[in-house]
Amino acid sequence: MTIDERTPSMAGRPYTKAAFFDVDETLIAVKSMFRFLEYHLAAIGSPPAAYSAMVAELRGLVAAGASREHVTRAYYRVYAGQRAADLSAQGRSWFRREQRAGDLFLPGSLRAFRGHRRLGDLTVLVSGSFAPCLDPLADWLGASTVLGTRLETIDGVHTGRVITLMLGQDKADAIQAVLDGQGIAPAECSAYGDHASDLPMLLAVGHPVVVGDDPELVRYAVARGWRRLPGRHDAPTAEMAAEDGDGISPAQPRAGWHR
């Protein structure tokens, strides 16, 4: 596993700690895969109904009991035949639009990320989303590296097939590979997640932080004394306020997105 050194370690010293952040509804308040899909379809001239149809298809798979992996692979097939460079450019345009709309980042999680970066920790985005969504975020944040889903590309064109998924246990395995490569002890590391599927990632480090109110994660947080931060729909509890000082669940399109 190679670390993309977007930000060098402090004074050239090796990293001794790392912080791993899930992205969708942990660090940002939206589901990037679906917001980007809506933007992408509009960018290539598809009618607004195309997005609704795609979401309905994926929801149908979920309702039929398809696995998270199967549904995620179905999502990425929509990009078959698209040039990677075009998607990258769309991703940066999409990110600028999301920033202009406001409230993209969850304030508590953003403060936590910046705190780790100020301390000189290795800062890593870990997400089932893919490069067009994640790279602009990582660049803006100054993240050290990104662990995301990778698509097969031949001659610069996506085939619609997935090379590497980043879901559930995949996240924990990728984190361990990074720690092994950097010689960092898991006990010295933090991880932030909002969904039960992030549990393997949270259990892989010494300092897990639950973002939001996922029932399974809240049970772990209460039982084990894990920190909590407010999520997208939370009103901060007293405990959260004191601390605060990818999966497939297709989101509804933003009103007025297609203009």
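Author: Let's begin where two helices touch: Phe 34, Leu 37, Glu 38 and Leu 41 of α1 meet Ala 50, Tyr 51, Met 54, Val 55 and Leu 58 of α2, contact meaning heavy atoms within 4.5 Å. Please keep in mind that this is a predicted model, in which local features need pLDDT of at least 70, side-chain atom pairs count only at pLDDT 80 or more, and totals for chains, interfaces and linings use all residues. Residues are numbered from 1 along each chain as its sequence is written, and side-chain values use heavy atoms, with hydrogens and water left out.

By class, this contact of α1 with α2 brings together eight nonpolar residues, one charged residue and no polar ones (Ala, Val, Leu, Ile, Met, Phe, Trp, Tyr, Cys and Pro count as nonpolar, Asp, Glu, Lys and Arg as charged, the others, Gly among them, as polar). Helix α1 covers residues 32–43 and helix α2 residues 48–63; helices are DSSP runs of H or I with at least four residues, strands runs of E with at least two, numbered from the N terminus. Their axes come within 9 Å and cross at roughly 145° (lines fitted to C-alpha atoms, for helices over the stretch in contact, with angles from 0 to 180 degrees between N-to-C directions).

Now for the sheet. Seven strands make up an open sheet with mixed pairing, ordered β4-β3-β2-β1-β5-β6-β7; two strands pair if DSSP finds at least two bridges between them. At its edges are β4 (157–164) and β7 (227–229), each pairing on one side only. From one strand to the next, the twist averages 30°.

Inside that order, β5 (residues 190–193) and β6 (residues 207–211) run parallel and are joined by four bridges.

Finally, helix α5 (residues 107–118) lies across β1 (18–21), β2 (122–130), β5, β6 and β7. Compared with β1, α5 runs at about 155°.
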